[in-house]
Amino acid sequence: MRTPHAPAPHAPPGPRTPARSAAAPAALLAAASTLLLALVAADWRPLLDLDAGISRTTHRWAVAEDGLTRTARVLTDWVWDPWTMRLLCAVAVVVLLRRPAARWTARWLVVVVAVATVVQQGLKAALGRERPVWSDPVDTAHYAAFPSGHAMTATVVLGLLLWVLRRHGVGPGLWRTALTVAVVSVAGVGLTRVWLGVHWPTDVLGGWLLGALTVVAAVAAHRRLCPAAPDGSGGARPPSPSPEPPTSDDPPRRPR
């Protein structure tokens with residue numbers, strides 16, 4: 001009597017590759033960014049009404065709270081300004097260039113920030129969305145509104161620098177400090193732009209979404225083109241030696 005063969009055990013699933021792990025958030029961010037972009041381009045009335053309602057409320061508060069408004073102007077014009085963010089990125093690039101293994105990452109930072117700026121300015125020119133207009137403005141800004149350049153630049157620069165810090169294995173104290181500063185800065189710059197009445201809320205939301213999408217896509221490209229070295233400093237991993245065939249003391253079996 002022939003015994004039935006036992007089913008072959010299924011191999012355990014392998015670890016998720018970086019490309020797979022980034023695909024889901026990238027697809028979600030791309031879908032959300034595209035939807036918001038389409039609604040803004042189509043002047044979708046419910047979205048415009050929501051923008052106008054929030055902006056009217058925050059503008060009344062900004063006019064009434066002069067001290068907070070002055071603080072918001074200092075933060076948005078000097079601390080979280082796009083040129084301040086780019087200067088911070090330039091400092092990081094100089095530090096990375098001093099380490100031969102990290103020079104590829106330094107060039108990658110420059111390219112990503114430059115491409116993000118071109119995309120942001122291109123979208124502004126293509127959409128030509130007008131900024132809020134007030135009879136009693138508390139601040140002024142020029143050029144088109146969508147997406148917010150302040151929000152997108154801060155998201156891109158700080159998101160990339162956070163990833164670089166994590167990649168190079170900084171200590172937990174420095175990591176928590178950097179993460180807190182980045183989160184407060186990205187959220188704060190968006191709130192100040194709406195508070196000062198120079199952007200609609202969806203301009204800021206668009207800057208956040210497009211900035212996050214840029215970071216996720218850029219990190220995925222970095223992982224694909226420049227895998228992490230064993231010391232976390234960048235560069236390709238050295239090839240691992242091929243394993244030796246297993247040895248056995250049993251005599252070889254004859255083929256049937």
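In helix H4, the residues Arg86, Cys89, Ala92, Val93, Leu96 and Leu97 meet Arg103, Thr105, Ala106, Leu109, Val110, Val113 and Thr117 in helix H5. Contact here means heavy atoms within 4.5 Å. By class, this contact has 9 nonpolar, 2 polar and 2 charged residues. Ala, Val, Leu, Ile, Met, Phe, Trp, Tyr, Cys and Pro count as nonpolar; Asp, Glu, Lys and Arg count as charged; the others, Gly among them, count as polar.

This is a predicted model: local features need pLDDT of at least 70, side-chain atom pairs count only at pLDDT 80 or more, and totals for chains, interfaces and linings use all residues. Residues are numbered from 1 along each chain as its sequence is written, and side-chain values use heavy atoms, with hydrogens and water left out.

The table sets out the packing of two pairs.

| Pair | Angle | Axis distance | Crossing |
|---|---|---|---|
| H4 (82–97) and H5 (103–127) | about 160 degrees | 7 Å | left-handed |
| H7 and H8 | about 155 degrees | 9 Å | right-handed |

Axes are lines fitted to C-alpha atoms, for helices over the stretch in contact, and angles run from 0 to 180 degrees between N-to-C directions. A crossing is left-handed if the near helix is turned anticlockwise from the far one by less than a right angle, and right-handed if clockwise.

H4 and H5 are therefore roughly antiparallel. H7 is roughly antiparallel to H8. That label applies to angles over 145 degrees; under 35 is roughly parallel, 65 to 115 roughly perpendicular, and the rest oblique.

In the second pair, Val186, Ala187, Gly190, Arg193 and Val194 of H7 meet Pro201, Val204 and Trp208 of H8. The residues there divide into 6 nonpolar, 1 polar and 1 charged.

**The nonpolar core**

The largest nonpolar core has 33 residues. Such a core is a set of buried Ala, Val, Leu, Ile, Met, Phe, Trp, Tyr and Cys residues joined through side-chain atoms within 4.5 Å. Trp108, Leu109, Val156 and Leu160 have the most contacts inside this core. H4, H5, H6 (149–167), H7 (172–195) and H8 (201–225) each give two or more residues to the core. H6 supplies the largest share, 10 residues.

Tryptophan 108 touches Leu160, Trp163, Val164, Ala218, Val219 and His222, not counting residues up to four places away in sequence.

**Two single residues**

Threonine 105 sits in helix H5. Is threonine 105 buried or exposed? Threonine 105 is buried, with a relative accessible area of 1%. Buried means under 20%, exposed over 50%, and partly exposed in between (1.4 Å probe, protein chains only). Leaving aside neighbours within four places in sequence, threonine 105 is in contact with Leu96, Val164, Arg167 and His222.

Alanine 30 lies in helix H1 (residues 18–41). At 28% relative accessibility, alanine 30 counts as partly exposed. Alanine 30 and leucine 210 are 180 residues apart in sequence, yet 7.9 Å apart in space, C-alpha to C-alpha.

**The whole chain**

The chain has 8 helices and 0 strands. Helices (H or I, at least four residues) and strands (E, at least two) are DSSP runs, numbered from the N terminus. Of the 256 residues in the chain, 38% are buried. Among contacts with a separation of 6 or more, 76% join residues 24 or more positions apart.
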